[in-house]
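The following exercises concern a single protein chain. Please study the sequence and the structure before reading the solutions.

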Amino acid sequence: MNLLDENVQRFIREYEGTTTTLLLKKPVFNGISNKELAQQIEGRRTAAKKLPFLLTTESILFPPTLNLEQTSSEATAQYKAQGLHGERFLDLTCGFGIDAFFLSEKFKEVTLVEQNKELLSKVEHNWQVLGRKATFINGSTEAFLKATTAHYNLIFLDPARRDALKQKKFLLEDLSPNILELQSVLLQKTDKVFTKLSPMIDISYLLHTLPKITHIHLVALRNEVKEVLVVQEPKKETQVQIHCVNLETEEPILQFAEEVLHSCQVVYSAPKKYLYIPNSALLKSGAFNYITQRFEVEKLDVNTHLYTSEQLKKPFAGRVLQVTPINLKELKKGSKYCILSKNYPLSVAEIKKKYRIVEGGNEYLIFTRSVEGLVVLLGKVIE
């Protein structure tokens with residue numbers, strides 16, 4: 001009996017208990033360990049939140065949890081695929097193949113390279129089930145690049161960001177493969193290199209380290225930065241364009257040239273009627289001064305990345321609150337607020353303890369610093 005057996009697949013679909021309990025039981029099926037069943041059950045549960053399209057098709061096989069953790073969500077994969085098309089697509093670090101599935105949709109020839117043979121076999125099976133064709137190569141990125149003589153319209157990489165001890169890595173030379181060592185050969189064999197990197201990586205570091213960058217995409221999903229995407233083109237002639245997107249929200253996507261990070265003048269102000277909290281993708285860009293120009297708002301302080309205006313400015317790339325100053329003596333013990341501490345001497349935990357307030361409710365308490373000093377504001381979200 002194997003994982004694709006109809007009875008096994010039904011068990012995986014319908015199992016509602018914890019996988020920890022399952023692992024402690026005797027084998028449910030002959031020839032299949034409960035560990036294998038648990039992996040498929042956990043995979044389906046992850047897919048329900050992250051990759052719902054996979055659950056519309058029977059007999060999808062899921063990889064171990066670690067592979068799913070680095071896999072893009074359906075939303076971020078779809079974002080990456082926008083506007084991409086051509087003759088030949090190459091994914092040099094296929095993994096579970098989600099990015100490749102969406103990125104390659106409008107390419108005639110698709111090649112996927114993956115050094116983990118067991119993982120690649122699952123990808124090949126899933127693509128067959130999903131009705132998609134590709135050439136599947138089991139081998140290393142470096143070996144394939146050395147051997148291939150083909151030219152590709154797009155090469156995609158998602159280098160591993162953990163070492164053998166599962167510790168996270170951020171510097172480009174510490175990733176696997178080492179994309180710094182591959183730069184010259186990559187740029188010779190493609191029209192465009194598209195690389196997915198850690199959300200923790202520094203933008204200035206990228207701009208000073210990688211050649212021929214044309215675009216950097218900072219991709220957040222519901223205000224959590226998930227990916228930093230770098231596009232390189234051998235025939236680069238334009239300035240680097242930075243894109244800030246917060247998926248699954250109605251917030252505007254912002255695009256601006258790299259020079260904006262250094263050239264915009266900023267105006268400072270004490271809090272006015274409205275307070276603006278930029279989304280995480282915009283904050284990640286470091287375009288703190290550009291925000292004042294783009295949205296016609298004023299910054300509270302040089303180190304306070306909050307903004308204000310007397311007239312409402314919408315749509316804004318982030319949250320907008322209507323605020324008024326509040327006297328801390330008016331706070332009642334046990335009151336519930338969403339608490340923010342930005343450029344303030346106390347952390348949220350310290351604020352809760354000192355003023356005996358609880359996190360929750362619909363109103364905000366913002367502890368921050370403006371050009372006029374420390375301030376505490378009471379705020380309500382503007383829908």
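**Exercise 1: A sheet and its strands**

Strand 13 (residues 318-325) and strand 16 (residues 373-381) run antiparallel and are joined by 5 bridges. The model is a predicted one: local features need pLDDT of at least 70, side-chain atom pairs count only at pLDDT 80 or more, and totals for chains, interfaces and linings use all residues. Residues are numbered from 1 along each chain as its sequence is written, and side-chain values use heavy atoms, with hydrogens and water left out.

Task: Determine which residue stands opposite Val-323 in strand 16, and in what order the 7 strands of the open sheet are arranged.

Solution. 

Step 1. Strands (E, at least two residues) and helices (H or I, at least four) are DSSP runs, numbered from the N terminus. Two strands pair if DSSP finds at least two bridges between them.

Step 2. Locate the partner. The residue opposite Val-323 is Gly-379.

Step 3. Write down the order. The open sheet runs 11-12-10-13-16-15-14, with mixed pairing.

Step 4. Examine the edges. Strand 11 (298-301) and strand 14 (336-342) each have a single partner strand, so one side of each lacks a neighbour in the sheet.

Step 5. From one strand to the next it averages 40 degrees; axes are lines fitted to C-alpha atoms, for helices over the stretch in contact, and angles between N-to-C directions run from 0 to 180 degrees.

Step 6. Place the helix. Helix 14 (residues 348-355) packs on the sheet and touches strand 14 and strand 15 (358-370). The direction of helix 14 makes about 130 degrees with that of strand 14. Contact here means heavy atoms within 4.5 Å.

**Exercise 2: Salt bridges**

Task: Find which residues form salt bridges with Lys-80, and state whether Lys-80 is buried or exposed.

Solution. 

Step 1. Side chains of opposite charge can pair when their charged atoms come close. A salt bridge is counted when a side-chain nitrogen of Lys or Arg lies within 4 Å of a carboxyl oxygen of Asp or Glu. The whole structure contains 16 salt bridges.

Step 2. Take one partner. Between Lys-80 and Asp-99 the closest N and O atoms are 2.9 Å apart. Lys-80 belongs to helix 5 (residues 74-81) and Asp-99 to helix 6 (residues 98-103), so the pair ties together parts 19 residues apart in sequence.

Step 3. Judge the burial. Both Lys-80 and Asp-99 are buried (buried is under 20% relative accessible area, exposed over 50%, partly exposed in between, with a 1.4 Å probe and protein chains only).

Step 4. Take another partner. Glu-227 forms a salt bridge with Lys-80, with 2.7 Å between the closest N and O atoms. Glu-227 is in strand 7 (residues 224-232), and the two residues are 147 apart in the chain. Glu-227 is buried as well.

**Exercise 3: Accessibility**

Task: Classify Lys-313, Glu-296 and Thr-195 as buried, partly exposed or exposed.

Solution. 

Step 1. Lys-313 has 24% relative accessibility and therefore counts as partly exposed.

Step 2. Glu-296 has a relative accessible area of 57%, so this residue is exposed. Lys-313 and Glu-296 form a salt bridge, their closest N and O atoms being 3.6 Å apart.

Step 3. Thr-195, found in strand 5 (residues 193-197), is buried because its relative accessible area is 2%. Beyond its neighbours within four places in sequence, the contacts of Thr-195 include Leu-157, Ile-179 and Val-228.
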